[in-house]
Amino acid sequence: MVLVVGAGRVGAAVAKSSLAAGHTVSVLDEDPLSHERLDAGQPTSWEDAGGRFTVGTAIEIDALLAAGIAEADIFIAATRGDNTNILVGQIAQKRFGVPRVVVRVLDPARSDWYAEQGLHTICAVKHAIKMFEQAVLEPVSG
Amino acid sequence: MYVIVVGGGKVGLNLARELIRNGQEVTLVEGDRRAYLRIEQELEHAVQYGDGTELWVLERAGIQRADLVVAVTGDDEDNILICQVAKEKYLCERIIARCNNPRNLQHFKLLGIQPAVSATDLILNLIEHEVPGHGLVHLLDLPDEKLEIIEVEVIDGAPAAGLRVADISLPEGSLIISVLPRGKAGFVPKPDTVIKPGDEVLVVLDPGLEPSITAQFAPNGRGG
């Protein structure tokens, strides 16, 4: 089972593709309206497609349990807050023993350090910086 | 001693002020521009502007040489992570974290962020201390040392009521260190001190022994 915390652009997209790939998917977000992102562009509603959605705060244990963290094999932390993601990722890893935990961290420095500590972090900012550098600094071909 | 205080709200600012008055070297880190400018009027170079959860901000504040890092922002996630990097990345020996929501205390414990100070719990402890007849009060918990001190009121009809200290059957690993008779000064008991109903006793004990202590002094499930 895949548990996605944070149904923003990243979280909702990964939740949808995980569901399409045949996984059981549960999404937790504190904003009930974020559910719309899960329905957008789909022929059926998120629930009709087999998805789960829970309204709750990421670092509340009750909310994590309601969203099914005890059964999760894969945990994705993709809220808008780096600090929430890093904390809830460690809760998933250390308290619930979720085997695969992936955490979105925008801050490159802490993405690197927490990766060294054994947290699988993904830093979009690092990729953006690299692409900008390539676009700006590499000689124009032709 | 060099102290970094992260969070310039009421707690952080007053803390920084007191520490400076006591002659300590202090840097306060505040992430809100307006609050920073206001604090700077008073603390001048002892306050820095920035998000205290970012590594470069902590490094600019000199975290490598800090003897103590105190994280007292209004955000528990921030306080946990500030203390986590202080302890594990910069090997700062002493940290103190503020826990705003007592429900988050378990996260501080999970990640080894100790001590975590919760104002709500402090006030609750005070209430338990002030409200008479509330059974058992935790006065001190030393989880690392595996010791705690509790205060318990002796109720009428309890097994220990009317007994000499030497005759009370307390479990191995516990000791009565003080007797506080109602309305009188407390004292350290001798083996022949008689414990009376209404007395409060302070007991030092190994964690986990509370049930057998309350069974002696305050049975009937009044212990907390």
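This is a predicted model: local features need pLDDT of at least 70, side-chain atom pairs count only at pLDDT 80 or more; totals for chains, interfaces and linings use all residues.
Where the two chains touch, chain A puts in 14 residues and chain B puts in 13. On the chain B side, helix 3 (55-60), helix 4 (76-88) and helix 5 (105-110) each bring at least two residues to the contact. Helix 4 of chain B gives the most here, with four residues. Sorted by class, the side of chain B that touches chain A comes out as six nonpolar, four charged and three polar residues.

As for the inside, the largest nonpolar core holds 72 residues, and A:V4, B:V5 and B:V69 are the ones with the most contacts within it. Helix 4 of chain B turns up again, giving the most to this core with six residues. Take B:V69: setting aside neighbours within four places in sequence, its contacts are B:I4, B:I63, B:I82, B:C83, B:A86, B:C92 and B:I95. There is also a second, separate core of 16 residues, with B:V137, B:V154, B:I213 and B:A218 among them.

B:I213 leads on to helix 7 of chain B (residues 210-217), where B:I213, B:T214, B:Q216 and B:F217 are buried. These four sit on the same side of helix 7 of chain B, because they cover an arc of only 155° around the axis. And what lies over them? The cover for the buried residues of helix 7 of chain B includes strand 7 (136-142), strand 8 (147-153), strand 9 (174-180) and strand 10 (200-205) of chain B.

Technical notes. Residues are numbered from 1 along each chain as its sequence is written. Chains are lettered from A and ligands numbered from 1 in the order in which they are written. Two residues are in contact if their C-beta atoms, placed from the backbone, lie within 7 Å. Ala, Val, Leu, Ile, Met, Phe, Trp, Tyr, Cys and Pro count as nonpolar, Asp, Glu, Lys and Arg as charged, and the others, Gly among them, as polar. A residue is buried if 20 or more other C-beta atoms lie within 10 Å of its own, exposed if 12 or fewer, and partly exposed in between; C-beta atoms are placed from the backbone. The arc is that of the directions from the helix axis to the C-beta atoms. A nonpolar core is a set of buried Ala, Val, Leu, Ile, Met, Phe, Trp, Tyr and Cys residues joined through C-beta atoms within 7 Å.
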